Amino acid sequence: MKIGVIGAGSWGTAIAGMLGRKYPVVLWARNSQLVDVMRQTRQNAAYLPDVLLPQTVRITADLSEAVHKADLVVIATPSHAVRRTAAAIAAATIDKDTIFVNAAKGLELNSLKRMSEVLAEELPVWSDRIAVLSGPNHAEEVGLQYPSTTVVAARSRQVAETVQDIFMLPYFRVYTNPDLIGVELGGALKNIIALCAGAAEGLGFGDNTKAALMTRGLAEITRLGVAMQASPLTFSGLAGIGDLIVTCTSCHSRNRRAGILLAQGKTTQEIETETKMVVEGIRSTLAAYQLAQGLGVEMPITEQAYKVLYQAHSPRDAVLDLMSRGRTHEVEEVVIDPVNWEKK
């Protein structure tokens with residue numbers, strides 16, 4: 001089996017190292033200088049220091065070499081680069097049975113499409129052979145072989161289970177889920193809540209505030225997901241609450257870190273320059289806000305994040321706006337019978 005991993009950021013490098021312990025892997029990096037350094041050191045010091053790549057991982061700056069006759073291709077670029085990367089891949093020699101796995105977590109601006117939809121448009125021959133991988137998987141920990149779990153979703157059960165078998169390792173456990181929409185939305189939208197959790201932390205608020213943001217954030221993620229035909233159960237699993245917890249609380253979370261910097265008055269451009277990585281939550285906030293507006297879905301936390309990021313609203317005022325909203329039931333979808341409630 002030959003596997004191509006497209007994108008040598010922290011997650012792409014971790015995936016290449018992990019799969020390289022089972023199969024020959026070709027890791028593609030856009031930067032030829034990075035390729036030269038990684039070939040010499042067997043490390044990606046810029047994005048994933050202290051993790052050595054096995055000799056089974058070949059590193060290249062030639063995209064066609066990475067995907068040529070590959071059995072499985074993993075897309076691990078930032079979400080905004082998925083479409084142009086897929087278009088470039090389509091011009092290469094690819095076997096008709098190749099499976100594509102999207103590992104990017106985000107939504108495409110302008111089209112507001114999920115990454116699997118973008119891939120299906122650019123790679124129509126393989127539209128039924130596209131899977132998505134999502135869950136609480138910080139690259140830093142996967143690279144160090146800490147026990148981790150994830151979810152793979154696809155239209156086809158056979159495709160999902162094939163990917164499950166390929167990715168399974170003693171320290172990396174993979175579950176399947178038929179809910180492609182829910183798994184993708186969970187991975188994209190949790191970054192917005194992590195930004196807000198980081199901002200609350202940067203403002204000096206405590207655990208109560210973070211717990212409230214995570215819990216109510218999950219409620220609005222689920223609300224949008226259900227409006228887009230996802231299963232609500234997906235958001236109580238690894239791709240939902242699991243990924244949300246780790247992204248809102250971990251020292252490895254770039255979205256949490258970006259929120260802290262946002263509370264300190266840094267601009268989005270300054271934040272991405274300082275973190276040296278793409279902060280997916282910034283773009284996802286704009287896409288999710290537009291989706292919610294179009295579908296008539298109430299997402300108050302996302303709305304406040306949008307105002308802070310795109311309308312120069314103060315993070316502190318955003319928190320106050322959330323706290324002063326009109327009263328409501330916690331479980332909005334349940335119709336309360338006030339008479340029977342009082343009898344109980």
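Which helix is Trp11 found in? Trp11 sits in helix H1, residues 10–19; helices (H or I, at least four residues) and strands (E, at least two) are DSSP runs, numbered from the N terminus. Before the views, a word on the model: it is predicted, so local features need pLDDT of at least 70 and side-chain atom pairs count only at pLDDT 80 or more, while totals for chains, interfaces and linings use all residues. Residues are numbered from 1 along each chain as its sequence is written, and side-chain values use heavy atoms, with hydrogens and water left out.

**View 1. Helix H4 against helix H5.** The axes of H4 (residues 82–90) and H5 (residues 115–122) come within 9 Å and cross at roughly 30°. Axes are lines fitted to C-alpha atoms, for helices over the stretch in contact, and angles run from 0 to 180 degrees between N-to-C directions. H4 and H5 are therefore roughly parallel to each other (angles under 35 degrees count as roughly parallel, over 145 as roughly antiparallel, 65 to 115 as roughly perpendicular and the rest as oblique). Look for Val82, Arg83, Ala86, Ala87 and Ala90 of H4, which meet Met115, Val118, Leu119, Glu121 and Glu122 of H5; contact means heavy atoms within 4.5 Å. This H4–H5 contact divides into 7 nonpolar, no polar and 3 charged residues (Ala, Val, Leu, Ile, Met, Phe, Trp, Tyr, Cys and Pro count as nonpolar, Asp, Glu, Lys and Arg as charged, and the others, Gly among them, as polar).

**View 2. Helix H9 meets helix H14.** H9 (residues 207–227) and H14 (residues 300–310) pack at an angle of about 100°, their axes 8 Å apart. The two helices H9 and H14 are therefore roughly perpendicular to each other. Leu213, Arg216, Gly217, Glu220 and Arg223 of H9 touch Pro300, Ile301 and Thr302 of H14. By class, the H9–H14 contact has 3 nonpolar, 2 polar and 3 charged residues.

**View 3. Helix H13 beside helix H14.** Here H13 (residues 280–295) packs with H14 at an angle of about 125°, with axes 9 Å apart. H13 and H14 are therefore oblique to each other. From H13, the contact residues include Ile282, Leu286 and Tyr289, and from H14 they include Thr302, Tyr306 and Leu309. The H13–H14 contact divides into 8 nonpolar, 2 polar and 2 charged residues.
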